[in-house]
Amino acid sequence: MPSGWFYTTKALRGVCDVWEKYGSGLTNLHGATGDIILLGTTSENLQPCFDALSDEAGFDLGGSGSVLRTPSCCVGPARCEWSCIDTLDICNDLTHEFQDELHRPMWPYKFKIKISGCPNDCVAAIARADMPIIGTWRDYLRVDQDEVRKYVAGGFDIQREVIAMCPTWALDWDEKAQELKVKQEECVRCMHCINRMPKAIRPGVERGATILIGGKAPIIKGALLSWVLVPFMKMEPPYTEFKELARKIWEWWDENGRTRERVGELIERLGMAQFLREMGLKPIPQMVFRPRSNPYVFWPPEKRRK
């Protein structure tokens, strides 16, 4: 599928013409995989339909079974001002890079990569992808105090709509000075204040992505949300750092995973500590899955502070 699901009308007509000839004409745009789903045909029409979609319509078919499913992404910088990374280029590059992984089953089960340009996560990567890429920034929020005052002067209830909704209490409104104060170190980049006051607050300028691991829908052990693996990666072409990490994860998963066991389930079974050691990554606070209850990262006894 094209990055960001941008199609020409000619391409869509080509798919519909083939499907009306060989199938029911019913489609699903887009399925949970991010692909076009063609619903309903007969067994004898499967191969002719496959050939026509490849040869006549010009589409690549694959991404089913125990393979890398077709990567998908949000519209990113094409239409969204909040995108912190070029989701379209990343998706296109990874799709071409991992052609073997897309077409030749080689793992215990399927693996999904989804790319969102900012923490709003419009493709629901955190909940649906084994390895989400979420655009973020490493420096501080940019605040235009004049625009903040315009919001307040226009009747916007900044205390109720923004300050009270900040998950880490990183914001405070100084009524006397008419100034929005930010405890930048407490900001977790949830995007809420930016969404509510887009003219006044913007993401920082040092941009990259957070790499997560382990999300999936319920199959064997129930749904899992992804957790942070690399808090910040620059994500600049040719994306070598990400590709090397992905291949290292796949090798470990292939060696240790059971049949139909997603990578998140394998990490849950063997433990995050072992996974991090195999990946050569050090435990850091951002990896704590539930920071206000029980962390799941455990240090070996010899490394604990006395």
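**Domains, sheet and salt bridges**

Modeller: Across the interface of domain 2 and domain 3, one salt bridge is found. Keep in mind that this is a predicted model.

Biologist: Which stretches of the chain make up the domains?

Modeller: The domain assignment gives domain 1 as 9–57, domain 2 as 68–138 + 206–303, and domain 3 as 142–202. The centres of domain 2 and domain 3, taken over C-alpha atoms, are 31 Å apart. Their contact takes 10 residues from domain 2 and 10 residues from domain 3.

Biologist: What area is buried between domain 2 and domain 3?

Modeller: About 880 Å² is buried between them, and carbon and sulfur atoms give 54% of that area.

Biologist: Now the sheet. How do strands of a sheet pair?

Modeller: Strands pair through backbone hydrogen bonds, and the sense is either parallel or antiparallel. Here, five strands form an open sheet in the order β3-β4-β5-β10-β11, and the pairing is mixed.

Biologist: Why is one side of β3 and of β11 left without a neighbour in the sheet?

Modeller: β3 (72–73) and β11 (227–233) stand at the edges, and each has a single partner strand, so one side of each has no neighbour in the sheet. For β3, the pairing with β4 (residues 114–116) is parallel and runs over two bridges. Ser 72 has Lys 114 as its bridge partner in β4.

Biologist: Which helix lies across β5, β10 and β11?

Modeller: Helix α9 (residues 240–256) lies across β5 (133–137), β10 (207–213) and β11. Relative to β11, helix α9 runs at about 155°.

Biologist: Next, salt bridges. What is the general idea, and how many does a search of the whole structure find?

Modeller: Side chains of opposite charge can pair when their charged atoms come close. A search of the whole structure finds 15 salt bridges. One of these pairs is Arg 262 with Asp 130, whose closest N and O atoms are 2.9 Å apart. That pair links distant parts of the chain, 132 residues apart: Arg 262 is in the loop between α9 and α10 (263–270), and Asp 130 is in the loop between α5 (125–128) and β5.

Biologist: Are Arg 262 and Asp 130 buried or exposed?

Modeller: Both Arg 262 and Asp 130 are buried.

Biologist: What about the salt bridge between Arg 104 and Asp 100?

Modeller: The closest N and O atoms of Arg 104 and Asp 100 are 2.9 Å apart. Asp 100 is partly exposed, with a relative accessible area of 44%.

Biologist: Which salt bridge does Glu 147 form with its side chain?

Modeller: Glu 147 lies in helix α6 (residues 145–153), and its side chain meets that of Lys 150 in a salt bridge at 3.6 Å, N to O. The two are three residues apart in helix α6, so about one helical turn separates them.

Biologist: Why does Glu 147 count as buried, and Lys 150 as exposed?

Modeller: Glu 147 counts as buried because its relative accessibility is 19%, and buried means under 20%. Lys 150 counts as exposed because its relative accessibility is 55%, and exposed means over 50%. Leaving aside neighbours within four places in sequence, Glu 147 is in contact with Lys 199 and Ala 200.

Biologist: Which residues are linked in a network of salt bridges?

Modeller: Asp 93, Glu 97, Lys 243 and Arg 247 are linked in such a network.

Definitions and conventions:
Residues numbered from 1 in each chain as written. Predicted model: local features only at pLDDT ≥ 70, side-chain atom pairs only at ≥ 80, totals over all residues. Heavy atoms only, no water. Pairing = 2+ DSSP bridges. Helix = DSSP H or I, 4+ residues; strand = E, 2+ residues; numbered from the N terminus. Contact = heavy atoms within 4.5 Å. Axes fitted to C-alpha atoms, helices over the stretch in contact; angles between N-to-C directions. Buried < 20%, exposed > 50% of the residue type's maximum accessible area, 1.4 Å probe, protein only. Salt bridge = Lys/Arg side-chain N within 4 Å of Asp/Glu carboxyl O. Domains from an automatic or database assignment. Buried area = accessible area lost by both parts, 1.4 Å probe.
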